[in-house]
Amino acid sequence: MDTREQPGRGLRLLLSLQDVTPLALQAAVLQRLSPRQIALMAPYTRPHRLRVLIQTLSTELLAQTARHLDPQSILDTWLHLPDTLHLQIAKVLCRNQDFSTAARFAECLAPQQLRNLILGLNDPLPVLRIGARFGNVPLLVQSLLGMSSSYLRTLTEVSIPNGHLPLSVAVLSGLPARRQADICRQLSPAVRAALEPELRQRSDELCRLLAADQA
């Protein structure tokens, strides 16, 4: 059963005319609508048209619209947008402190797309604030597996003072024990003291590796 809110009569008329309306005219009409109205129309717009229309709108308007939109309702369209646009929208959402919306759309991406988004943000704090709102933590871990140990160490150093210890534990505990040990050895004493006991509880192999350092 489709439980999505239905567009009103005026929006339904616009939708019924979409196949005979030039894209330029439809884009001009969309720009005169509110973000909520655009969000109501988006799931009922033909995917190939929606991809084109999205790329005619400003990233600020797209970010405002995203607040009212379930990404699952336009998933095919969202996945086939350029990575650069995913990044631009995420940056606006982060600037607006809307990390929950950024997380909803980010966790719909494929692992490689999410990895590109993380790298593009180029700042560990918004990455952590988005990641802390993820429901699909394994996806985040999978996307971070290919990151360098240096990047993961930087992410961890920022996470602990900003209250994101559980997220760092979830991410690092998904890595092989040897990589966990390597990252722990490079952490500042305070961060290591907060993180290492949590990781040790989850991996006997990590305990052995770190105990060997003290032998």
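## Exercises on a predicted model

One aromatic pair is counted in this structure, which is a predicted model.

**Exercise 1.** Which geometry class do the rings of Trp78 and Phe105 fall into, and why?

*Solution.* 
- A pair of aromatic rings is described by two quantities: the distance of the centres and the angle of the planes.
- Start with distance. Ring centres must lie within 6.5 Å to pair. For Trp78 and Phe105 they are 5.0 Å apart.
- Now the angle. Planes over 60 degrees apart count as edge-to-face. Here the planes stand at 75°, so the pair is edge-to-face.
- Trp78 sits in helix 6 (residues 75-79) and Phe105 in helix 8 (residues 99-106).

**Exercise 2.** Take helix 7 (residues 83-95). What is its span from first C-alpha to last, and what is expected?

*Solution.* 
- Helix 7 has 13 residues.
- Its span is 18 Å, close to the 18 Å expected at 1.5 Å a residue.
- Look just past its end. Gln97 has a positive phi of about 65°.

**Exercise 3.** Which residues of helix 7 are buried, and which helices do they pack against?

*Solution.* 
- List the buried residues: Leu85, His86, Leu87, Ile89, Ala90, Val92, Leu93 and Cys94.
- An α-helix has 3.6 residues a turn, so residues three or four places apart point the same way.
- Find the partners. The buried residues of helix 7 pack against helix 4 (47-54), helix 5 (59-66), helix 6, helix 8, helix 9 (111-121) and helix 10 (124-131).

**Exercise 4.** How many cavities of 30 Å³ or more does the whole structure hold, and what lines the largest cavity?

*Solution.* 
- The search finds four such cavities.
- The largest has about 190 Å³ of space.
- Its lining has 17 residues; Ile54, Leu62, Thr65, Leu69 and Ile74 lie nearest the centre.
- Helix 3 (35-41), helix 4 and helix 5 each supply at least two lining residues.
- By class, the lining has 15 nonpolar, two polar and no charged residues.

**Exercise 5.** Which helix gives the most to the lining of the second largest cavity?

*Solution.* 
- This cavity has about 80 Å³ of space.
- Its lining residues include Val127, Leu140, Leu152 and Leu167.
- Helix 10, helix 11 (137-144), helix 12 (149-159) and helix 13 (165-172) give two or more residues each.
- Helix 13 gives the most, with four.
- Class check: nine nonpolar, two polar and no charged residues.

Notes
Residues are numbered from 1 along each chain as its sequence is written. This is a predicted model: local features need pLDDT of at least 70, side-chain atom pairs count only at pLDDT 80 or more; totals for chains, interfaces and linings use all residues. Side-chain values use heavy atoms; hydrogens and water are left out. Rings of Phe, Tyr and Trp (its six-membered ring) pair if their centres lie within 6.5 Å; planes under 30 degrees apart count as stacked, over 60 as edge-to-face and the rest as tilted. The expected span of a helix is 1.5 Å times one less than its number of residues. Buried means under 20% relative accessible area, exposed over 50%, partly exposed in between (1.4 Å probe, protein chains only). Contact means heavy atoms within 4.5 Å. On a 1 Å grid over the protein atoms alone, a cavity is a set of points where a 1.4 Å probe fits but cannot get out, and a pocket is an open set with protein on both sides within 12 Å along at least five of seven lines; lining residues have an atom within 4 Å of a point. Grid points are joined across faces, edges and corners, and a volume is the space filled by probe spheres set on the points. Ala, Val, Leu, Ile, Met, Phe, Trp, Tyr, Cys and Pro count as nonpolar, Asp, Glu, Lys and Arg as charged, and the others, Gly among them, as polar.
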